[in-house]
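The sequence and structure come next, followed by the notes.

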Amino acid sequence: MAIQRTMSSRESAGLRHTLRTPINHMIGYAELLLEDPRLPAGSEPHLARVLAAAQQTLTIVQTHLTGAESEEQTVDFHRLRSDLEECVVAVLRTATELESIETGDRLSDVRRIRSAAQELLTLAGGALPVGSAMLPQSDPADHRDIPARIIARFLIVDDSEQSREILCRLLERQGHTCITVSSGKQALEVLEEQHFDLVLPDLMMPGMNGLETLRAIKSNSKFGDLAVVMLSAFDEVDEIGKSLEAGAEDYLLKPFDRIVLNARLHAILERKRLRNLERRRTLELELADAELRRSNEELRRFASVVSHDLQEPLRMVTSYMQLLQRDLGPHLTENQTQYLNFAIDGGRRMSELIQDLLSYSRVSAVEPQRELVDFNEVIKDVRIHLRTAIAESGASVISSDLPKMTADGSQVRQLFQNLVSNAIKYRSEKPPVIKISAKHVDGDWLFSVADNGLGIDPENRQRIFEMFSRIHDRSVPGTGIGLAICQRVVERLGGRIWVESTPGEGSTFYFTIPG
Ligand code: ADP
């Protein structure tokens, strides 16, 4: 019996596509099961048979339904059906045998193969007079449904009532909500009023087609970045390509395969959820950053105002104390002299603290100057500034030939001054020897200030750069701000600072400056 029919290339492509979907599932699941490292003994030959038979069905479909693309072709449906049946029945039989070997999620995959084989026959039956004798009973528990975990609101746009109905039911079975409309124009009206997670327009519609609907959605800023997935009856590559170019998220081919539909929609909704999450996180980061900048600025202003305002009354207190000390000096008891000394010393320390706070807030607030700085001159200035401390401690400050480079001269002076003065302050019994040098490493200048002082324990080497952090004897004067200033200066120049040290032998402070 020869049942021959003439088909246009478009019809043939549609049928080819329809039949290929379950075939791809058979092949896909068989390959997955074969590649699975948990493959049970005895399964492999069965799976290899399933795979070979499934691949054979693909060859049959390609052979019978591949005519010249532009021409009509005559298809022998009887041959097509019987060729297919032979292979599909082999798949079904082997899948049934496999069901007695496999368990758990592998068993579910075997059932998926069986369902796909069954569907291939059923689908073919829509176009071909399929003999039903060999069809196995359909499985009451349909294992093909993979629940979509994200529940969403869909707008289905399709002129075919039946298509709308099918898709809507498929989606509602997964717990989604659907609204259906029959034209692009209606879709745009509904979108003005209601919120949707995803719009599903059919590509081929009379009047405003799917592509035009998509373009109208994408050009309307009110809809934001609403995701659109195109529905297409045939593999119309051109139209699908244009839709993707116009901003469609994806496309789905009719008739819908529930596995593919659920998996794709789930992937799209998941992408959308991740995009929203990322956008929210970026916004939160921007807000946090703005807040941080605002509070830094406030802190800087506070520090600067407070420091200036405190400076003046403090100077009065200290100078009047000194006047008292001078005028009453001979008449004061030993205790009273000591009290006055404590008060004057307290005032001096407070003044230092205010000075350091001011320096820190200045370094933080003011954009560093960009000028050519001769670092050898900087060290000369530092030596002059610290001459008393150097002389009193008998320190030697040795510097090698240092570079000239673009930096902020006064900030760099402060940086070296703090490091050299610390090397003197935290000296050991030995007279301090301080060596300053620089070398060019990987495009950066690496500076070092090495001393032979007390050294720093490993656990404190990070901490000392924090504000107010002091680790040595409090009898050494200091505010714990000096190194925080150094770190700030270096970071503002785009470098980093750290210390290496051997307790009892000395420390070397390193910092880099790009250039
Ligand atoms: P300050 O010297 O005012 O206390 P710094 O911020 O300059 O504050 O230094 C923080 C702490 O780091 C110091 O109190 C000291 O304990 C330690 N320190 C800094 N420089 C050295 C050094 N060259 N050798 C040993 N310890 C140091």
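Against which elements do the buried residues of helix 6 pack? They pack against strand 3 (153–157), strand 4 (177–181), strand 5 (198–201) and helix 7 (210–219), with contact meaning heavy atoms within 4.5 Å. The model is predicted, so local features need pLDDT of at least 70 and side-chain atom pairs count only at pLDDT 80 or more, while totals for chains, interfaces and linings use all residues. Residues are numbered from 1 along each chain as its sequence is written, and side-chain values use heavy atoms, without hydrogens and water.

**Helix 6**
- In helix 6 (residues 184–193), Gly 184, Ala 187, Leu 188, Val 190 and Leu 191 are buried (under 20% relative accessible area, 1.4 Å probe, protein chains only).
- These residues lie on the same side of helix 6 because they cover an arc of only 165 degrees around the axis, taken from the directions from the helix axis to the C-beta atoms.
- Lys 185 and Glu 193, on the other side of helix 6, are exposed (over 50%).

**Ligand shell**
- The ligand is surrounded by 20 residues (a heavy atom within 4 Å); Tyr 426, Arg 470, His 472, Thr 479 and Leu 483 are the closest.
- Eight residues of the shell are nonpolar, nine polar and three charged.

- A side-chain N or O atom of Arg 470 is 2.5 Å from a ligand oxygen atom.
- Backbone atoms also lie by ligand oxygen atoms: one of Leu 483 at 2.8 Å, and a polar one of Gly 482 at 3.2 Å.
- The protein buries 98% of the 530 Å² that the ligand exposes when taken alone (Shrake-Rupley method, 1.4 Å probe).

Notes
A polar contact is a pair of N or O atoms within 3.5 Å; within protein, one must be able to donate a hydrogen and the other to accept it, and residues adjacent in sequence count only if both atoms are side-chain atoms. Ala, Val, Leu, Ile, Met, Phe, Trp, Tyr, Cys and Pro count as nonpolar, Asp, Glu, Lys and Arg as charged, and the others, Gly among them, as polar. Helices (H or I, at least four residues) and strands (E, at least two) are DSSP runs, numbered from the N terminus.
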